[in-house]
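Here is a friendly tour of one model, from its aromatic rings to its core and surface. Please have a look at the structure before reading on.

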Amino acid sequence: MPLAIKPSELKIAPATGICLILLLLQSWGMLTMSSSGTAGMTFLTRQAIWCLISWSLLGAFTAIKFEDYKKYLPAIIAAFYLPLILVLIFGVKINGMRGWFDIGGVFFQPSEIAKGLFVLLLYYASEIFQEKSRLLPVLIIIFMAFAIPVALQPDFGTLIVYCCGFAAIIWLLIGRVKLLACSGAAILTTILLMSVKHSYIHQRLTSFWSPSADPSGAGWHIMQFRYTMARGGLFGAGIDQAYWTKAYLPLAHSDSAFAAMIESVGFLGGFTVLAALCILCWCFWKMSLKIPDNKRILIFTGGLMLMTQAMIHISVNITMIPVTGIPFPFFSYGGSSLAGSMILIGIMFSAANSAKEHTENADANLKSGE
């Protein structure tokens, strides 16, 4: 009996594919937290609540017409950017970094929430200033306005995410390789100078090259990453059998979530997560292709920032780069990361919907003219 629907006709819209991947990553993250035993019911309950809140935020920011974001921009700046400045004064210090507000035992990280505003401002700059000679200084000012507070915390993992977003805009709008190279050199110099000022950052850099030289000190985290994944092997130790994670792996529910998952489901399970990220990246790319104007740049930049954050987390966990605390988007425990990422995607969805409406209206006007 022939198929009523051909396989080529079974198409899933990019936005639908993105939502399915997000739901998969959030569910898998909570399962990892539960099976590793590193997060009690309080953490799981909080994460479940944050998942519900984040989906509501996604719906709310998607429902806002993209043209209306200009009208709400002062309120968005007050809500998203001011905390990024105030946290340097009133924030609490954790692991040598002053990047959180402690609100009744609930920790709030402004640098995660501010990602959506950062992408919005870069987009507006590209719309207002068409000449490259005028656009470049404005882009640099916007980038520095976000990068300096994040660097002063200091949070180098998140700083790299913002740097990648800025690099994407420079590449797409300015297209100067020398400028990108100079920016990269300036950022690297800043990191090296900050590592001299903050001794713990210097220790992380040196321990990365030789973790066995101080296995119970600066090299502890890297060694635990390796022991945890080695125990997981190819197929994993099994759900609820992540004994090394439970006993030794620091921050297994947040900054070390990928390594914790590897112990339970093995490297094959880890490859499925990487495959999910590839599909997510493909969905962002497909969505951007359907947009004719600079909104395409907004979607590309937002997607790149999320993928960069995911790859930094994974690279740290598999010990490819020095240890830096950064959550796995949609997977790790953390309300700020989850909410900020979903807000960013909501803004991207709003931009895509706006472009779709303009295209449909243009087609309708063309047909009516005929």
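Rings of Phe, Tyr and Trp (its six-membered ring) pair if their centres lie within 6.5 Å; planes under 30 degrees apart count as stacked, over 60 as edge-to-face and the rest as tilted. One aromatic cluster consists of F61, F66, Y69, F80, Y123 and Y124. The count by this rule comes to 16 aromatic pairs. Among them, F101 and F108 are stacked, at 6.2 Å centre to centre and 20 degrees between the planes.

A word on the basis: this is a predicted model, where local features need pLDDT of at least 70 and side-chain atom pairs count only at pLDDT 80 or more, while totals for chains, interfaces and linings use all residues. Residues are numbered from 1 along each chain as its sequence is written, and side-chain values use heavy atoms, with hydrogens and water left out.

Next comes accessibility: buried means under 20% relative accessible area, exposed over 50%, and partly exposed in between (1.4 Å probe, protein chains only).

| Residue | Relative accessibility | Class |
|---|---|---|
| Q153 | 3% | buried |
| F101 | 16% | buried |
| F108 | 23% | partly exposed |
| F271 | 52% | exposed |

Q153 sits in the loop between α7 (132-152) and α8 (156-174), with helices being DSSP runs (H or I, at least four residues) numbered from the N terminus. Beyond its neighbours within four places in sequence, Q153 is in contact (heavy atoms within 4.5 Å) with residues including L84, M97, R98 and S111. F271, in turn, lies in helix α13 (residues 257-289).

Conventions. Helices (H or I, at least four residues) and strands (E, at least two) are DSSP runs, numbered from the N terminus.
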